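Keep the sequence and the structure in view while reading.

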Amino acid sequence: MKLTAEETRVAVDTTRDILSGPNDSRGNLIPVLQQVQKKLGYVPPVAMQEVAAHFNIPAVDVYGVITFYNQFRLTPPGKNQIKICMGTACHMRGANIIQEAWERRLKIKVGETTEDREFSLERVACVGCCTMAPVVVNNEEVNGKITPTRVDGLLFSYELDKKNAAAEGGEDNGQ
Ligand code: FES
């Protein structure tokens with residue numbers, strides 16, 4: 001996913017700012033990456049390069065650490081962050097099938113964001129609504145008893161909301 005010039009600038013500035021703290025030992029690699037992720041919501045390649053140069057290690061090593069831990073995102077989160085619960089109850093009730101359904105519909109994998117930045121997909125641990133398993137959280141909204149058909153329904157209602165918002169925006173502009 002291509003970042004805008006502004007996103008790149010923010011990523012570089014933010015990472016340099018974090019690295020300007022007392023972070024010289026290589027043991028600080030993961031805490032630094034966690035701070036970048038916390039501030040930006042993801043760790044883009046430009047941030048990895050900054051971090052690699054700072055610790056004097058190959059960028060591929062930083063990439064290796066990021067992809068080893070699934071707490072890190074490589075792409076900016078989408079406007080709609082779809083979190084698929086992978087806790088035991090949801091897993092037992094087909095969370096993997098739900099994950100596949102989202103991946104097929106959105107044409108992305110877990111950890112990725114759609115090209116239009118509308119959706120991103122991630123897996124999370126139990127969100128505390130096990131009686132509603134399988135569960136998907138969209139931004140802060142919990143949706144239970146999800147089936148592949150309900151995935152279609154949720155996407156349809158997003159489309160509808162988007163169209164309505166665009167129509168309202170158009171009306172406002174016309175006034
Ligand atoms: S396991 Fe999914 S809500 Fe608890």
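## An exposed lysine

Lys145 is exposed, with 12 other C-beta atoms within 10 Å. A residue counts as exposed if 12 or fewer such atoms lie within that distance, so Lys145 falls in that class. The model is a predicted one.

Where does Lys145 lie? Its place is the loop between strand E4 (141-143) and helix H7 (148-174). The phi of Lys145 is positive, about 50 degrees, although Lys145 is not a glycine. Most residues other than glycine have a negative phi.

Look for Lys107 in the loop between H6 and E2. Is Lys107 buried or exposed? Lys107 is exposed, with 10 other C-beta atoms within 10 Å.

Most peptide bonds are trans. The bond joining Ala133 and Pro134 is cis, with omega about -5 degrees. Pro134 sits in the loop between E2 and strand E3 (136-138).

## The chain as a whole

Now step back. The protein chain has 7 helices and 4 strands. Along the sequence, the pattern reads α-α-α-α-β-α-α-β-β-β-α.

The C-alpha atoms fill a box of roughly 50 × 50 × 25 Å, taken along the principal axes. The chain has 175 residues, and 23% of them are buried. Take the contacts between residues at least 6 apart in sequence: 61% of these join residues at least 24 apart.

## Helix H1 against helix H3

Start with helix H1 (residues 5-19) and helix H3 (residues 45-55). Their axes come within 9 Å and cross at roughly 30 degrees. Angles under 35 degrees count as roughly parallel, so H1 is roughly parallel to H3. The crossing of the two helices is right-handed.

Which residues make the contact? H1 brings Thr8, Ala11, Val12, Thr15, Arg16 and Leu19. H3 brings Val46, Ala47, Glu50, Val51 and His54. By type, the residues of this contact divide into 6 nonpolar, 3 polar and 2 charged.

## Helix H3 against helix H4

H3 also packs with helix H4 (residues 59-68). Here the angle is about 120 degrees, and the axes are 8 Å apart. That makes H3 oblique to H4. H3 passes H4 in a right-handed crossing.

From H3, Met48, Gln49, Val51 and Ala52 take part. They meet Ala59, Asp61, Val62, Tyr63 and Ile66 in H4. The residues of this contact divide into 7 nonpolar, 1 polar and 1 charged.

## The nonpolar cores

How many residues does the largest nonpolar core have? The count is 18. Ile84, Cys85, Ile98, Trp102 and Val136 have the most contacts inside this core. Strand E1 (80-85), helix H6 (95-106) and strand E2 (119-124) each supply at least two of the core's residues. H6 gives the largest share, 5 residues.

Leaving aside residues up to four places away in sequence, Ile84 touches Ala95, Ile98, Gln99, Trp102, Arg123 and Val136. A second, separate core has 12 residues, including Leu33, Ala47, Met48 and Val62. Some of these names have come up before. Ala47 of H3 takes part in the contact with H1. Met48 in H3 and Val62 in H4 belong to the contact between those two helices.

How values were computed:
Residues are numbered from 1 along each chain as its sequence is written. This is a predicted model: local features need pLDDT of at least 70, side-chain atom pairs count only at pLDDT 80 or more; totals for chains, interfaces and linings use all residues. Axes are lines fitted to C-alpha atoms, for helices over the stretch in contact, and angles run from 0 to 180 degrees between N-to-C directions. Angles under 35 degrees count as roughly parallel, over 145 as roughly antiparallel, 65 to 115 as roughly perpendicular and the rest as oblique. A crossing is left-handed if the near helix is turned anticlockwise from the far one by less than a right angle, and right-handed if clockwise. Two residues are in contact if their C-beta atoms, placed from the backbone, lie within 7 Å. Ala, Val, Leu, Ile, Met, Phe, Trp, Tyr, Cys and Pro count as nonpolar, Asp, Glu, Lys and Arg as charged, and the others, Gly among them, as polar. A nonpolar core is a set of buried Ala, Val, Leu, Ile, Met, Phe, Trp, Tyr and Cys residues joined through C-beta atoms within 7 Å. A residue is buried if 20 or more other C-beta atoms lie within 10 Å of its own, exposed if 12 or fewer, and partly exposed in between; C-beta atoms are placed from the backbone.
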